[in-house]
Amino acid sequence: YKLKDVRSVAVEEWLRSLKLSNGSKAKMRNIMHAVFNHAIRWEWHERNPITHVRQSAKRSKVPIVLDVEEIAALLQLLKEPARTAVFLDVMTGLRVGELLALKWNDIDFAKSQISVTRSIVMQHIGDCKTEASRKPVPLDSRLADALSRWQAISPYPQPEDWVFASPHSNGRLPYWPGAFYRAHILPAAKILGIEGIGWHTFRRTYATLLKANG
């Protein structure tokens, strides 16, 4: 479409056709609105058709949150390195890109903290999503024990190695989150009858457990 041909109703219909969450579609709508505002500011266009585009950000379904018993059952079924990865996610709430971008030298066992300094998306290394994400994360003693056990048997245990290095790349890159999920987490979740689980489930569970404990 040329700018002059963009219509509010057509944009609404296009957004409805996308198989994305309402939150994602609302963000797209807002970005488009900002782009048109810039066009008006630079006098490339005279109106903002996105102003009248209606797009709810409300969740279409209640997000899955695991309870302590479900977490324990899932961990019992998982094999390494998936077990430690899920345990780390539940105990820290890291985004999956931040979790898979961890190297062993980011784990400070002496100070009981994890340095989150990078993120990986589509196997490209970049910065964390937000500045707040770069702050050190507390390392619980039970999590430290689990990480120590995994490091002891990992084929890639050196300081500059990825914590969850993929053997398919000879350790040069970490696992792909989707492949990791499909090969390990999804089969275990199916055995337990847990549906709708994903990497973000662990981050959401972490936040819920924190709130429940004050």
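## The second largest pocket

Helix 3 contributes four residues to the lining of the second largest pocket, the most of any contributor. The structure described here is a predicted model. Helix 3 spans 68–77, and along with helix 4 (82–92) and helix 8 (199–212) it is one of the helices that each supply at least two residues of this lining.

The second largest pocket has a volume of about 350 Å³. Its lining is made up of 13 residues, and those closest to the centre are Val68, Phe87, Val90, Met91 and Leu209. Sorted by class, the lining holds ten nonpolar residues, two charged residues and one polar residue.

## The largest nonpolar core

The largest nonpolar core contains 43 residues. Within this core, Ile114, Phe164 and Phe202 have the most contacts. At least two core residues come from each of helix 3, helix 4, helix 5 (96–100), helix 6 (141–153), helix 7 (177–192) and helix 8. Helix 4 gives the most, with six residues.

## Around Phe164

Which residues does Phe164 touch, not counting those up to four places away in sequence? They are Pro81, Thr84, Ala85, Leu88, Leu99, Leu100, Trp150, Pro174 and Tyr175.

Technical notes. Residues numbered from 1 in each chain as written. Predicted model: local features only at pLDDT ≥ 70, side-chain atom pairs only at ≥ 80, totals over all residues. Heavy atoms only, no water. 1 Å grid on protein atoms, 1.4 Å probe; cavity = no way out; pocket = protein on both sides within 12 Å on 5 of 7 lines; lining within 4 Å. Points joined across faces, edges and corners; volume = space filled by probe spheres on them. Nonpolar A, V, L, I, M, F, W, Y, C, P; charged D, E, K, R; others polar. Core = buried A, V, L, I, M, F, W, Y, C linked by side-chain atoms within 4.5 Å. Buried < 20%, exposed > 50% of the residue type's maximum accessible area, 1.4 Å probe, protein only. Contact = heavy atoms within 4.5 Å.
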